[in-house]
Amino acid sequence: MHPAFSVILFTVASGIGYGMLMLLALFLPARLVPADRLFGAVTLGLALACIGGGLLSSTAHLGRPERAWRAFSQWRSSWLSREGVLAVASLGALALLALVWPILGESAMCVGTTAALAGLLAAATVGATAMIYRSLKPIAQWHNAWTMPCYLTISLASGGLWLNFVVTAVGRPHPLLPGIVAGLIVLAAFVKGRWWLHNDRTQSLSTIGTATGLGALGQVRPLDPPHTAANYIMKEMGFRIARKHAFKLRRIAGGLGVLAPVLLILAGALLPVLKPATALLAALAGTVGVLVERWLFFAEARHVAMLYYKADAA
Amino acid sequence: MTTLPTPGAVRLGLVIDLDICVGCHACAVNCKEWNTGGNAGPLTDYQPYEAQPDGVWFNRIHSYEVGDGPAGQTVHFPRSCLHCDNAECVTVCPTGASLKRAEDGIVLINEDICIGCKLCSWACPYGAREFDTDVGVMRKCTLCVDRIYDEARPEAERVPACVSTCPVSARHFGDLGDPTSDVSRLVAEREGMALMPELGYRPTNRYLPPRAKGGGCSAHAKGPALEPAMPEGTGFLGWLDRLLSA
């Protein structure tokens, strides 16, 4: 599938913002992050920038962005519509959390309850994003049980990295927090590894034989294409550059997204004076790693419609 | 509404005879001609007079080689929307622009409310939907809904443009929900096929397989493989390709 940069940026950036909200819901009551209003303002500001920027970027993918509001209407059947509704609802919860926490400074009980609501809605939004891809039967690489855990764990890990940076920059970090974030990164790496393993071993049930119905007559080979230049289907579904370098790019994603942040967090733990710098570098490296991962998520996905154009497997 | 209607009694669709089709592309050309001027039009063309002409078409004609040796044959294969019963291109639509009509099963796009998110084209395994980058909306076969109900036309002409133009009558139009219709009888007689049944989209259109052929032919001579006509890798992605290949 063609990796549209606006969609990659949207899923990565909003994943960070929603991941921060999910973790705040868990970490605030556990006192793993500070409860002061300055930390609240900076954290929620960053989460809002990630989610809002991501949502704006996603409209760049649309042919008619001025009609985007119509996408809230079909939540009964469409995961994309559900994602839109949930994204706005979690933005609302984020605004409420900003009101009761940094602005009004309400009780810990009130802040904790609002954070829990925002965290739940954030998790549901990331889940809906994952379901958009997971529900597409023509793309076997997406239509499997590992897609949803990938989106959730990567959102938690990348959100954790930025939360860790904010805590280090403007608050007194809890000694356990960097370790927990490193654990989330390893968990996301494990789940993504299983996704890759699953997809390396799985092939679509569909072949050029079932696509044309001619498989029973023998091997089917394309002879004359329907058109001389690439059409929309070939451009959108037939992306090949990254697939050629998939293994190299997977190593780059793993190096930047997993190895670098974990090592940097470790370095920060050993040399506390470097902590703010390593926390920032870890978050930046992790984000670039997730961008590469998300690029591959699209580029490695193969759509069965391409079977009509080429004889190799979908 | 993008939830699918309960399948009605009438299921309009096409039956395409792969035994007869000669791969002349006349159906695709007349489809383009009719629909670029009809309710669905214009069907945009991009750089039509350049080296890489592209554009929106509802119907694409592939040609395949099937089988080997004396049993080998050439099969021409028109590909367009199959107006599926379980049309997931409809259910994924966030705006309600993609719809399946309860009264005749035709899958249509309401271009006035399409936001051009392209998700329906991802959900279609048959590659039947093409995005119009000029207008910013998705496009697809309408089964010539603006012809088949047009009472100003003589009844014999109330068929999709592709069916009316086929010079060898390889394309048939009718109600596949009625087991006594001509198209349903044809499908029963010739064991008409649904494409990619394993995905569960339950297409309405059926393809009639080529009939068994007699005779044979002499042994094939195999030539060397051809070089790709278009070198890969220009521009930014080409640079990235070369960088990563190093």
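Residues are numbered from 1 along each chain as its sequence is written, while chains are lettered from A, and ligands numbered from 1, in the order in which they are written. Because the model is predicted, local features need pLDDT of at least 70 and side-chain atom pairs count only at pLDDT 80 or more, whereas totals for chains, interfaces and linings use all residues.

Chain B has 7 helices and 11 strands, where helices (H or I, at least four residues) and strands (E, at least two) are DSSP runs numbered from the N terminus. The C-alpha trace of chain B spans about 60 × 50 × 35 Å along its principal axes. Of its 246 residues, 46% count as buried; a residue is buried if 20 or more other C-beta atoms, placed from the backbone, lie within 10 Å of its own, exposed if 12 or fewer do, and partly exposed in between. Two residues are in contact if their C-beta atoms, placed from the backbone, lie within 7 Å, and among the contacts in chain B with a separation of 6 or more, 59% are between residues 24 or more positions apart.

Strand 1 of chain B, residues 12-17, is largely enclosed by the rest of the structure, because 6 of its 6 residues are buried. In a regular strand the side chains alternate between the two faces of the sheet. Here L12(B), L14(B) and I16(B) point one way, and G13(B), V15(B) and D17(B) the other. Strands pair if DSSP finds at least two bridges between them, and strand 1 of chain B pairs in the antiparallel sense with strand 10 of chain B (residues 171-175) over 5 bridges, with H172(B) as the bridge partner of V15(B). Strand 1 of chain B is also joined by 3 bridges to strand 11 of chain B (residues 206-208), which runs parallel to it, and there D17(B) stands opposite L208(B).

A second sheet involves both chains: 3 strands form an open, antiparallel sheet in the order 1(A)-4(B)-5(B).

The contact between the chains takes 56 residues from chain B and 50 residues from chain A. On the side of chain B that touches chain A, the largest share, 7 residues, comes from strand 4 of chain B.

In chain A, helix 3 (residues 79-103) has 25 residues and reaches 34 Å from its first C-alpha to its last, close to the 36 Å expected at 1.5 Å a residue, the expected span being 1.5 Å times one less than the number of residues. Just after this helix, G105(A) takes a positive phi of about 60°.

Leaving out residues up to four places away in sequence, I185(A) touches A157(A), V258(A), P261(A) and V262(A).
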